[in-house]
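Student: Can you walk me through the labels in this model? I'd like to see what each one rests on.

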Amino acid sequence: MLSAVEIRPVADHEHARVGALTVAAYESVPGMPLDGYREALRDVAGRSADAVVLVAVEDGEVLGSVTYVPGPDSASAEFTDPDAAGMRFLAVDPPAHGRGVGAALTRACLERARQEGRARVVLHSTVWMTAALRLYEALGFRRAGELDWTPEPGATLLGYSYEL
């Protein structure tokens, strides 16, 4: 488990590290197709332009990150619900898997959404991300099939929602 983890917005000088960590985390998912998606995973600066990229840091080392999407008007939004916030690109450095980093980042997004008066937090995941799906369900997210979508053939995204 984590000792003294700090959750905070990513610093500009950490963009490359967080991008590489995100690619490594997604590459560690068995069967996950990443063709054409690696550049989006690396683009931390782009996500930071209209969303909040949070990092989990322990002893000065970035262990994971998540993109908090404040509302449907963000270019990072994959939802249209005006009462929702979103989460995207949750990633934990593979050596830090199983230490509670993903849960800490997810809880930080839930708390931020509460503070901003949002009614719910929504996210999308894939069938390949079994550990993430277990985490989301354990934290209280529920399947929201009405949010499912297929941005490209063979890449169905499963919708989840957490009511605040």
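Predicted model: local features only at pLDDT ≥ 70, side-chain atom pairs only at ≥ 80, totals over all residues.

Tutor: Start with handedness: a crossover is right-handed if, with the strands pointing away from the viewer, the path from the first strand over the helix to the second runs clockwise. Helices (H or I, at least four residues) and strands (E, at least two) are DSSP runs, numbered from the N terminus. By that rule, S4, helix H4 (residues 101-115) and S5 make a right-handed β-α-β unit. Residues are numbered from 1 along each chain as its sequence is written, and side-chain values use heavy atoms, leaving out hydrogens and water.

Student: What makes S4 and S5 a pair?

Tutor: Two strands pair if DSSP finds at least two bridges between them. Strand S4 (residues 84-92) has four bridges to S5, in the parallel sense, so by the definition they pair. One of these links joins Gly86 to Val122 in S5.

Student: And which sense do S5 and S8 pair in?

Tutor: Antiparallel, over six bridges, with S8 spanning residues 155-163. Val122 turns up here too: Ser161 is its bridge partner in S8.

Student: Why is S5 called largely enclosed?

Tutor: Buried means under 20% relative accessible area, exposed over 50%, partly exposed in between (1.4 Å probe, protein chains only). Six of the six residues of S5 (residues 120-125) are buried, so the rest of the structure largely encloses the strand. In a regular strand the side chains alternate between the two faces of the sheet. Here Arg120, Val122 and His124 cover one side, and Val121, Leu123 and Ser125 the other; all are buried.

Student: What about Met87: buried or exposed?

Tutor: Buried, because its relative accessible area is 3%. Met87 lies in strand S4. Beyond its neighbours within four places in sequence, its contacts include Thr106, Val122 and Tyr136. Met87 and Thr106 are 19 residues apart in sequence, yet 8.0 Å apart in space, C-alpha to C-alpha.

Student: What makes something a nonpolar core?

Tutor: It's a set of buried Ala, Val, Leu, Ile, Met, Phe, Trp, Tyr and Cys residues joined through side-chain atoms within 4.5 Å. The largest one has 46 residues, and among those touching the most other members are Met87, Tyr136 and Phe141. H4 gives the largest share of this core, seven residues.

Student: Why is one space called a cavity and another a pocket?

Tutor: On a 1 Å grid over the protein atoms alone, a cavity is a set of points where a 1.4 Å probe fits but cannot get out, while a pocket is an open set with protein on both sides within 12 Å along at least five of seven lines; lining residues have an atom within 4 Å of a point. Points are joined across faces, edges and corners, and volume is the space filled by probe spheres set on them. The largest cavity comes to about 40 Å³, with Met87 and Val122 among its lining residues. The largest pocket has about 1,100 Å³, and S4 gives the largest share of its lining, six residues.

Technical notes:
Contact = heavy atoms within 4.5 Å.
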